[in-house]
Amino acid sequence: MLDHILSILIFFPALAAVLGFAVNKNSIRSYGVAVATIEFVLALWLWFAFDSSVSGMQFMEHIPLVKAFGINYIVGVDGISLFIIILAAFFTMIGIASLGETKDIKNMIVTLLFLQMTMVGVFAALDAIVFYLFWELSLVPMLYIIGAWGGPLRIYASVKFFLYTFTGSLVMLVGMLFMAYFYYQATGEWSFAILDWYRLILPETFQKWLFVAFFFGFAIKVPMFPFHTWLPYAHGQAPTIGSVILAAILLKMGTYAFIRFSLPLFPDASVYFMYPIAVLAIIMIIYTAMVAYAQKDIKQVVAYSSVSHMGVIILGIFALNVEGITGSIFLMIAHGVVSGALFFLVGVIYDRRHTKYMSEFGGLASVMPRYATIFGIMLMASVGLPLTINFVGEFLSLLGFYKQSHTLTLLAGMAIIVGAIYMLSAYKKMFFGVVTKDENRNLPDVNKRELVALIPLTIITIWLGIYPKVLLEPINTSVEAVVGLMHEKSLTQEAKSRIPNLTKDAEVITNSAENTVENSTENSAEEAH
Amino acid sequence: MFEAIAFYLFAFLTISMFYIAVTTTQALYALSALAAGMIFISAFFFILGADFLGAVQIVVYSGAVMALYAFGMMFFDTTREIKEKQGNKAIILGLSIISAILVVVIVGAPIIGNNITAAYPVTEGAGNVQEVGMVLFTKYLVPFEVAAVMLLVAMIAGIVLAGKKMDLSLTLMSEAEIMMMKEEDKKVHL
Amino acid sequence: MEIGLNHYLVLTTILFAIGLVGVMRRKNLLMLFFATEILLNAVNISFAAISHYYGDLTGQMFAFFVIAIAASEVAVGLGLLIVWHKKHNNIDLDNMSTMRG
Amino acid sequence: MELFLYTALFSPLVGSLFAALFGASKKTKMAGIIPSALLGLSLISSFVLLVSVLSSGETVHVEMMTWMATGDLYIPFGFVVDQVSVTMMMVVTLVSTVVHVYAIGYMDHDKGFNRFFSYLSAFVFSMMVLVMSDNFAGLFIGWEGVGLCSWLLIGFWYHKESATWAANEAFIMNRIADLGMLIGIFLVYWNTGTLQYEQAFAIMPSLEIDVLTWMGIFLFIGAMGKSAQFPLHTWLADAMEGPTPVSALIHAATMVTAGVYLVVRANPLYDLIPSVGLFIASLGAFVALFAASMALVNRDMKRVIAYSTLSQLGYMFAAAGLGAYWVALFHLMAHAFFKALLFLGAGNVMHAMHDELDPFKMGGLNKVMKGTFVMMTIASVALAGIFPLAGFFSKDLILEVAFVENHYIIYSVLLFTAGLTAFYSFRLVALIFHGEERYKLFGIHPHEAYKFMLVAMSPLLLLAIIAGSFKMTYFEMVTKLLPATEYHVHSSLTYWIMTIGTQLFVAFAIVYAYKKYTSRDIKVPDGTSKLENCFCYKLLINQYYIPRFYEDYIVKSYRELSEIFWTKIDQKIVDATVDGIANIFYQTGERTRVMQSGNLSTMLKWMVAGTVTLLSLAVAFGLAARYSGEIKIFLSGLGV
């Protein structure tokens, strides 16, 4: 069973979702919780069985789909993707468990289970086509969730979300096809397997073009400035569970793909585009934080804060060294937990008052002390207080990028200031002061069902803030392999100097890569040029 | 010389007949002009030595098709003037001429380029009908049979389509009756 | 004054143009059928002419099949036309707008 | 020894968690007593450690577990008890134990009693982490931890708008400085490859001076925020919105001195960059004078003491900047005792006066509040630096340092400030405890605080008196770690002239303050007197207009800029562009929809048009293919 655990993880929720149509409406909730719990336990088992000293892919499965074009069903997991898969399983579980009174709850749970399939699929896929398939499929359940259970502007928001991200991924698809074609040119065989692509050394100009093509797909998903405008709408209109999954997992696809595709495939282009992307990331950090400060709707504040934090993740990725990339992966998980929790929290108050405007609240700290406490912990995690999960990621990301540029890091570090500004002022508006509105006087505090989601998230937030080593170790091993590969593959002098040389891993890479393939690639690339 | 005169004469006649056919408001005139034009076209076939084709043209077009139209027209109220809104004539004319020229260029290009050789050269000493028969029943046998079936299908289709409610005649019915019939139709559909 | 292929081609051009004018200009469906016949015949002439000048029978064969198709088209088309007329009491093109997008 | 270390470190945390258990429930005395007892335990452990360090000179260094490790980075949770940190530990645990016990009485009637002790103990834990950590990252944990607790405690009465505002201001301003600190930490890591103090400081001498200078500057920016140095000083005065024990513990004795601690801790670094040190000293001297001047006229008892704290922090930085780290640390310690005492005394007065803060509305309280009166007077004398109280030894030492190091400007500024300090301290004492009983006008019936609160304050009183006598012991201990520079004025004559002169100057300031503010015709100022209308007074009472400047130009513009970013740029430009692109397609569809009018005639026309287009393309491509050779020649002729 362990040999096929990834396939089981991917297709079990989908199968369960199909069967879910036949389940009685009254028992669908427990059915959903059961399925998601099994899935989560399986994911934990995956972690348990995972060997963190191995840098390469584990639990690989390989089934040819279209032999003539080298399209295979390949899945595998390494330290980079492992925890995001677990996080996806975790969020689906607590998401379903804490689902409030929802119309068409059956459809919702079935959709969530489908969504889980696509999420796990994206992070486990090692074939570009399979990856693309899950990447696009993930849009469909989300579109449905926003469109069917969303707020008044839900149609606009969902269509915008769908079309925007879809457009980006089409450009990415072109890049993938070209990449496969290039592989064909170099080796005489078609292949969409990412691990095969890793062995290709592309000439710099090709790298740049392909990097840009992939960048569009990823950047819109992240979303990077100036492609971020779909996000506030999507978050603003989506139901709580939609926002949670969107913020916690779906956004991570973009940043994950940067690490999986852009960096190892195009090391020179990554170095070449490092500064422009860093500048974009800094604009993201500061600009969206300021926009968040101007919001009147608490959910929008959290949404924009999401964008701001994603900027730090991008910055960490383009630090191009072990510290930065490890930090950014950790921050992905951290941000997933924290912003997921924040969206849950916003959902709690929305369920009670059916408004998200901060001006409607005030003085909630005395009415709902437990809620205020959990919100406060998450707020502090969001502003990156040490010993919370976010700090580790932010610290490492910024630390990593400091190696590349001092000034830009100084600017990016503004994140900790501007983040504090909007978060604290939002908290002040909602929780401090005296209760002014009568409706707020008798609000019930968080109930058990909500605590099911919030308590584990709080525990994780603090636990991983104090003891991040459990995650950092496997992540570190895989990231070292990626960085080593990048250093090995890079052509330009600048890239060689920017990407640190990790000798111990470099040897392994050289052995595995076939020099002949590389040479022929280079030759044909020259001809094509 | 004779050929030239014949060509120009029939060219003039065909063009004018067809011109009348597309411009006249009277359906009957159009029908007559079209039938005449068809017959004149068969003259070209004869000039070009395609005797069989010429004969078919007369039989099928001037005979069968025109008769069909004539029968068809009996159903319609041909005396009724149909108002035809007209768009921009320049566009219509321009588009027609350009596309006609393009069609001819495309069809004629390989010939002008002298790149083609005859796939089924005309057999010396045999009449046109014989030649056609030989090609038609060897190389084009299958298409020929298919065409035959198609004609059969078309015939049946025509009968079925036109044969519904043959007992009614809109031309003879009054407006009120027609309206009533339509109402009933709607009810059935609902 | 030798009549060459070009003469025929010019003639068919003119006839084809007339046919197209008919197609676009007429609003009476019956007239539209007439115009279609003209188009087909124009092409038939060019087939026959090319066949003649190149000593190749293929052109004639095509013309033959075109005639066959034209005949069946008329049969079916006319049938449809009659049904339409029975339903709507006219055969005006402008009234056929159920395909408005 | 490790056991004592862990006890000292974690018992406040246990206390905090214990109190947090009762956070949402009704007030229980236990929530106050248990954390206080645990803090006492921590105090005892710290004392044991102090004795051990003092007697054997050995330091305790433990590594609890790994925190972060990736790439070459390795950060453990490591703790060290050496001469410097044990001093700080003593100060922190001692003052906080006193404050905890005091707060049991002070917060007696407050609804958030349990919550308060949870926060307060959490603060002590963070502070302990800060001082005991053996690396910069651990320092930063404590650094941010105390910031968080400070936010929680300033905003403790969260229903008060001013309190929450002050809390947020304090947090955000500290964050600005923390960025500097973070950058400093990055610089240390990338240049030395480690964040452990020992290793990092060992590598530093081999680094370039530029790098070291930047390191020093950025770390000091961090220190500036926490220690409220100019221009990040405004939060400290506003932080007085918090409960008074908080002000005593956090905003006088411990947290604000973290900056000084950092500079002292990083002494190997600052020794290498004397120019930065000089800057620190100058800034310290400036802040000393600057803050003291604002204290002269302020009419809020707690704010006066806050400015006094600020001013004393300036002294400490002046000493640290000049390389006299042990002097700075000594003053830090002495200051912690008497300033905490002063604040707690002020707390008693506040309680007695029903939270009235304006000393002009008090007067003559010495009759009702004898104990408090004595304590505050002694604390003020110590603050003024009168022999033989604690302040004399530490403050005079700083003056000597400035003199010996030949920085006469700094010396004279500090000397002048000493006079101001004496003046405003006794202005306060005189206004509160002497003169007419003006409070009667407001119908207040003051009463003395609980006995046990006064008893709780007594250790501080004792230390404020006798701390000076530890000077030599302390010197011997701490100089095992810090540069052991003894500062002696060259000739003993100069020394005596200086010391006696200073004492006389200070004594004169005290007498003058007494004379001026004990007189019978002190009235509650109503803004009409000549003094109140003069420019200097206005400048000082408005804190040099700096808070207003921040509010009008920075906060407001930030808010407006945010608004513009959102409404103008995000919605009108970025999002509008996206929607615009979508609209182009939509409009194209809308326009071309006319083609699908359903009118067969029109559609036929479009069909013909389409045919024409396709045919033209066919012809064009055919020609291009036919004449490709010629086209190539032609194009190459054109130079394409």
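Among contacts in chain D between residues at least 6 apart in sequence, what percentage join residues at least 24 apart? The share is 81%, where a contact means that two C-beta atoms, placed from the backbone, lie within 7 Å.

## Basis of the model

This is a predicted model, in which local features need pLDDT of at least 70, side-chain atom pairs count only at pLDDT 80 or more, and totals for chains, interfaces and linings use all residues. Residues are numbered from 1 along each chain as its sequence is written, while chains are lettered from A and ligands numbered from 1 in the order in which they are written.

## Overall form of chain D

Chain D contains 26 helices and two strands; these are DSSP runs numbered from the N terminus, helices being H or I of at least four residues and strands E of at least two. Its radius of gyration is 33 Å, well over the 26 Å that the globule rule gives for 640 residues, so chain D is more spread out than a compact globule. The radius is taken over C-alpha atoms, and the rule is 2.2 Å times the number of residues to the power 0.38.

Along the principal axes, the C-alpha atoms of chain D fill a box of roughly 110 × 60 × 50 Å.

## The hairpin

Strands E1(D) (residues 60–70) and E2(D) (residues 73–81) run antiparallel and are joined by nine bridges. The two strands form a hairpin with two residues between them, and D:Gly71 in the turn has a positive phi of about 55°. D:Met65 stands opposite D:Phe77 in E2(D).

Terms used. Buried ≥ 20, exposed ≤ 12 C-beta atoms within 10 Å, placed from the backbone. Pairing = 2+ DSSP bridges.
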